[in-house]
Amino acid sequence: MRLRLLALYPEQMNIYADRGNILFLQRRCQWRNIGFDHAAAGPGEGFDPAAHDLVYIGGGQDRDQRLVADDMLRSKRDALAAGIDDAAVVLAVCGGYQLLGHSYQLGDERIPGLGLVDLETVREPGPRLIGNVAIEAELGNGPLRIAGFENHGGRTYLGDETQPLGRVIRGHGNNGRDGFEGVRRLNLFGTYLHGPLLPKNARLADRLIQLALARRAGAEPELAPLDDTLEASAHENARAAAMRG
Amino acid sequence: MSAPGATGAGFRAKLALARATGSLSRRSGRGGGTTLPGRLLLRLAPDAVARLAVDLTGGSTIVSATNGKTTTAGMIAAALRTVGRDPVHNRAGSNMSWGVATALLEQRGREGLFEVDEAWLPRMVAELAPRLVVLANLFRDQLDRYGELERLADDWAALVSERAGSTGFVLNADDPLVADLGRDRELRRREGVTYFGIEDPEQALPELQHAHDAKHCRRCGSPYTYHRAFVGHLGHYECPNCDADRPAPDVAATAIELRGMDGSRARVRTREGEATLELPLPGLYNVYNALAALAAALRLGIGLEHAVGALAKVEAAFGRVETIAVEGVSVSILLIKNPAGANEVLRTLRLEATRGSADAGDGIDLLIALNDGIADGRDISWIWDADFELIAGYVRRILCAGTRAPEMALRLKYAGLAPESIEVEPSIERGLDRAVAEAESRLFALPTYTALLELRTLLASRGLAAEFWR
C-alpha cells in the first residue's frame with residue numbers, strides 16, 4: 001500500500017506549522033510499512049487528480065492567500081474538483097478552508113473562491129476568533145473528538161444543505177454563532193483548527209489515512225495498531241486546554 | 001490637560017502612589033514589581049510615559065525585534081556604562097507600556113534605553129520620541145497575539161518613513177523585512193540609517209530552514225533569491241525583479257568562530273575601523289545581537305574600543321543562557337519562544353553535544369518546559385515549525401514539563417527522538433527535580449517565557465538565584 005500525498009502551495013500556505021500534519025501522516029505510514037509519496041504543487045503548477053489520494057492545503061498570510069486564491073482558480077480548480085468527486089481525501093485548514101467556498105472577504109474586498117463547497121466567508125465587526133477549540137465529529141467510524149487551536153478574522157457560513165465537519169463543544173468554530181465547525185463533502189474536510197491539527201488528533205489522522213488508502217484498495221483497510229501512549233495524552237491535554245477555556 | 005513634564009501637584013501625587021505600590025509589591029515577595037507600578041500609573045495618568053520622558057534630556061534609544069531584544073538592550077546598556085552613562089532601562093524585559101512606565105517611574109537618569117514589544121513599538125515611539133531606534137529582526141512568533149508578520153512589518157514601515165530624519169535607525173541588513181524599511185520609494189537610503197549584518201559565508205546554514213519568514217519581496221512580491229541564510233531568513237538575498245537587494249552593512253562581522261556554550265569570536269568591520277569581538281554568549285544569534293548593539297553604541301557616540309570592551313564582558317540577559325548549580329548539577333537555562341530562536345538554541349546544544357565533554361558519548365540531558373500562557377503565546381503550533389530534529393541522536397534523557405508537556409513530548413517523538421528517552425511531568429518543580437536527579441553532570445533547561453519565570457522564582461525560593469526584579 002502507498003499513501004500518495006500532494007501538498008498544495010507548501011511555500012505560501014504554511015503559516016501555523018502546517019508541516020506538522022504532513023510529518024505526522026508520514027511517520028504513521030512509515031511505522032506501518034505503508035509507502036508514502038510526498039508531492040507538492042506550487043504557483044502555476046497543475047496536477048493529475050488520479051495520482052494523489054490525499055491533498056493538503058494549509059493557511060497563509062493575507063498577501064500569500066490572495067496570490068494563491070487567484071492562481072488556484074486558474075491552475076488547480078478543475079483537478080481538485082475531479083479529485084473530490086473521485087473520493088480523494090482533501091484536508092483544507094484555515095486559509096485553505098476559506099478558499100474552498102464561493103468567495104471570501106479580505107478587508108472590504110470580496111475575493112472569488114474555488115466554489116467547491118457551498119459556503120461563504122465574510123467579515124463582521126468584532127475581534128478575531130482565537131483560542132483552543134474542542135469539537136465532536138463523525139467520520140464514518142463512530143463519534144470522534146477533535147481538539148485544536150483557531151485564529152481567524154473571517155466568519156464562515158455554510159449553505160443550508162452543507163454538512164459541517166463537527167459541532168463546537170468549546171471555542172468559536174465557523175462564525176462564533178451557529179455552533180458549527182468546518183465543512184465536509186464526500187472526503188473533503190475543511191476546518192479552522194489550524195496548523196498541526198493532526199498531531200493533536202491521531203484518530204483523525206488515521207481515519208484520513210484509511211479513507212485515502214480505500215480509494216485505490218476498494219475497501220477501507222485495517223490499520224495496524226501503534227503504541228499511541230504519547231499521542232493519546234497529547235490529545236487529552238489539548239482537549240483539556242479547550243475545556244478550561 | 002496640564003503641561004507636559006513631571007510637573008503639577010496632581011501628577012506628582014500619582015507618581016508617589018504608583019511608586020509606593022512598587023515597593024509594597026516587592027516587599028510582599030510575590031514578584032510583579034516590574035510591571036505593577038507602571039500599570040497603576042498608566043491607569044492614573046495615561047500620558048505618563050510621554051510626560052516622564054521629557055526629563056530624559058539625553059534622549060532615548062529603543063530596541064525592538066522578535067528575538068534578542070533583552071540581550072541587545074543589555075549589551076547597549078553595558079556599552080553606555082563603560083563611558084559612565086547609566087540609562088533608565090527596563091532591564092527585566094518587561095517591554096509593554098507598563099514596563100517602560102515602571103522603569104521611568106523608579107529610575108533616574110539623563111537618557112533612556114528601552115526594549116519594546118514589536119506590536120507596541122509605534123505607540124512607544126510616539127510617546128518617547130527616541131533619538132535612536134534599533135530594529136533587529138522579525139520572525140514568526142506568537143501569531144495569536146500579534147496578528148500576522150506582514151501586518152507588523154507594515155506598521156514598522158509606516159513608523160520609519162514617518163520618523164526618518166528626526167530619529168536615527170539601526171537596521172538589520174540581513175533581514176529583508178527590516179532592511180527595506182531604511183530605503184525610500186526610489187530605493188535611496190533614508191537619512192540617519194545604519195545597517196549591520198554578517199559577511200562570513202562560512203556561517204551559512206546548509207539549506208533554508210522551514211521556519212523561513214520572508215519569501216517574497218516586500219516591494220514587488222517576487223520570491224527573493226537567497227545566496228545564503230545564517231539564522232532563519234536572515235542572510236544574503238536579492239530581489240530578481242526590482243533591485244531591492246540586501247543593503248551593504250556599515251557594521252559587519254567578517255570572520256566568526258563559534259565555540260558552543262563558551263561564546264564566539266568575530267572580526268568586525270565598522271566605519272570607525274576594525275576590531276576583534278570576544279563574545280561570551282553562544283550562537284550566531286548572539287553575534288547578531290552584538291552587531292546591533294555595536295552599531296547602536298557607535299551611533300550613541302561610544303568609541304569602537306569601549307564598545308567592543310563592554311561586549312566582551314557582557315552577561316547573559318535574564319534567563320537567556322544562565323548557568324545555576326542545583327544539587328551539584330550545573331543547569332544552563334536557555335529561553336525558547338519561537339521557531340527561529342529555538343532553532344538557534346538547538347544548534348548550540350547539538351554543537352555542545354559533539355564538543356567532547358566527558359559525557360558527550362551518551363548525549364545531553366534536557367528539560368523542556370512548554371507553557372501556553374498569554375506571554376508565551378497560547379497557540380503552541382510553533383513547536384512543529386522548530387527543528388527539534390536537530391537534536392535527534394544527541395540526547396540522553398529529555399523531560400517535558402509545563403502546561404503543554406504532553407504535546408511537547410509528542411513533537412519530540414516525531415522529530416526522531418527515542419520514545420524511551422522522553423518523560424512527561426507537567427509540574428515544573430517536580431520536573432526540574434527529576435531532571436536534575438537523573439542528569440549526569442549538566443542539564444540544559446529550555447523554558448518558554450512564563451515557564452522561565454516559574455523556574456526562576458523556584459530557584460530564588462531555594463536561594464539558588466537572585467530574584468529577577470532585582
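**Helix pair in chain B.** I looked up how α14(B) passes α15(B) and found a right-handed crossing (the near helix is turned clockwise from the far one by less than a right angle). The model is predicted; local features need pLDDT of at least 70, side-chain atom pairs count only at pLDDT 80 or more, and totals for chains, interfaces and linings use all residues. Residues are numbered from 1 along each chain as its sequence is written, chains are lettered from A and ligands numbered from 1 in the order written, and side-chain values use heavy atoms, without hydrogens and water.

The axes of α14 (residues 428-438) and α15 (residues 449-461) of chain B come within 10 Å and cross at roughly 70 degrees (lines fitted to C-alpha atoms over the stretch in contact, angles from 0 to 180 degrees between N-to-C directions; helices are DSSP runs of H or I, at least four residues, and strands of E, at least two, numbered from the N terminus). That makes α14(B) roughly perpendicular to α15(B) (65 to 115 degrees).

**B:Val251.** I find B:Val251 in strand β9 (residues 251-258) of chain B. B:Val251 is buried, at a relative accessible area of 2% (buried means under 20%, with a 1.4 Å probe and protein chains only). I also checked B:Arg456: B:Val251 is 205 residues from B:Arg456 in sequence and 35 Å in space, C-alpha to C-alpha.

**A:Arg28.** A:Arg28 sits in helix α1 (residues 19-30) of chain A and counts as buried at 0% relative accessibility. I list its contacts beyond four places in sequence (heavy atoms within 4.5 Å); among them are A:Asp206, A:Glu231 and B:Tyr414.

Definitions and conventions:
Parallel < 35°, antiparallel > 145°, perpendicular 65-115°, else oblique. Buried < 20%, exposed > 50% of the residue type's maximum accessible area, 1.4 Å probe, protein only.
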